[in-house]
Amino acid sequence: MSRRNCWICKMCSNESKRLPSNLTLEEILQWAQSFENLMATKYGPVVYAAYLKMEHSDENIKFWKACETYKKIASRWSRVSMAKKLYKTYIQPQSPREINIDNSTRETIIMNIQEPTQTCFEEAQKMVYMHMAMDSYPRFLKSEMYQKLLKTS
């Protein structure tokens, strides 16, 4: 989504005072109740990802979403291919979007990457989810972006 067409970007830069018609105040308020609520709604993950991108820390949500997709892969060949891609992008030290996980989790993934299971990245995904819930999420609720959404709706 380009910045020219992104309703979140337009709203945050005061180019637009309108939200998508199906984004309700109820949904926006629900996001403040818990991180789980934010992630379970239609627009919550989209808005949160835009916030993380503005904060230059969107690798966590991208990894989390990629893991959600990965877990649904039934084909062994596709799973191996996606596992290698996830490793090279997020797990490998000095990778383009390296996530913050402990060394033992990283080592376990390295050992399992040759024959990856659907749960191969589960522990790393849980760690990233906790990082987002405990660190980024509280900042998001205090952010200008979230406050503008509340006022605009």
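This is a predicted model: local features need pLDDT of at least 70, side-chain atom pairs count only at pLDDT 80 or more; totals for chains, interfaces and linings use all residues.
Hi everyone. Let me start with a definition: a helix here is a DSSP run of H or I covering at least four residues, and helices are numbered from the N terminus.

Is His 56 buried or exposed? Exposed, with a relative accessible area of 71%.

Another loop residue to look at is Gln 94. You'll find Gln 94 in the loop between α6 and α7. Here too phi is positive in a residue other than glycine, with a value near 70 degrees. The relative accessibility of Gln 94 is 73%, so Gln 94 counts as exposed.

Now let's go back to α4. How many of the 11 residues of α4 are buried? Eight of them, so this helix is mostly covered. Among the buried residues are Val 47, Tyr 48 and Tyr 51.

Tyr 51 brings us to the aromatic rings. Across the whole structure, a search finds 13 aromatic pairs. In one of them, the ring centres of Tyr 51 and Phe 140 are 5.4 Å apart. Why is this pair called edge-to-face? Because the planes of the two rings stand at 65 degrees, and angles over 60 count as edge-to-face. Tyr 51 belongs to helix α4, residues 44-54, while Phe 140 belongs to helix α8, residues 122-142, so the pair ties together parts that are 89 residues apart in sequence. Both partners are hidden away: Tyr 51 is buried at a relative accessible area of 4%, and Phe 140 is buried at 0%.

A second pair is formed by Phe 63 and Phe 121. Their ring centres are 6.4 Å apart and their planes are at 80 degrees, so this pair is edge-to-face. Phe 63 sits in helix α5, and Phe 121 in the loop between α7 and α8, 58 residues apart, so to speak a link between distant parts of the chain. Both of these Phe residues are buried.

There is also an aromatic cluster, and Tyr 51 and Phe 140 are in it, together with residues including Trp 31, Trp 64 and Tyr 146.

Next, let's see how α5 sits against α6. Their axes come within 11 Å of each other and cross at roughly 170 degrees. The two helices are therefore roughly antiparallel. Who makes the contact? From α5, the residues include Glu 59, Phe 63 and Ala 66, and from α6 they include Met 82, Leu 86 and Tyr 90.

I'd like to finish with Glu 59, which is found in α5. Which side chain of opposite charge is nearest to Glu 59? That is Arg 97, 6.6 Å away. A salt bridge needs a nitrogen within 4 Å of a carboxyl oxygen, and Glu 59, although buried, has no salt bridge. Leaving out residues up to four places away in sequence, Glu 59 touches Tyr 90, Arg 97, Glu 98 and Ile 99. So Arg 97 is a contact of Glu 59, yet the two charged side chains do not form a salt bridge.

Note on methods: Residues are numbered from 1 along each chain as its sequence is written. Side-chain values use heavy atoms; hydrogens and water are left out. Rings of Phe, Tyr and Trp (its six-membered ring) pair if their centres lie within 6.5 Å; planes under 30 degrees apart count as stacked, over 60 as edge-to-face and the rest as tilted. Buried means under 20% relative accessible area, exposed over 50%, partly exposed in between (1.4 Å probe, protein chains only). Lys and Arg count as positive and Asp and Glu as negative; His and the chain ends are not counted. Contact means heavy atoms within 4.5 Å. Axes are lines fitted to C-alpha atoms, for helices over the stretch in contact, and angles run from 0 to 180 degrees between N-to-C directions. Angles under 35 degrees count as roughly parallel, over 145 as roughly antiparallel, 65 to 115 as roughly perpendicular and the rest as oblique.
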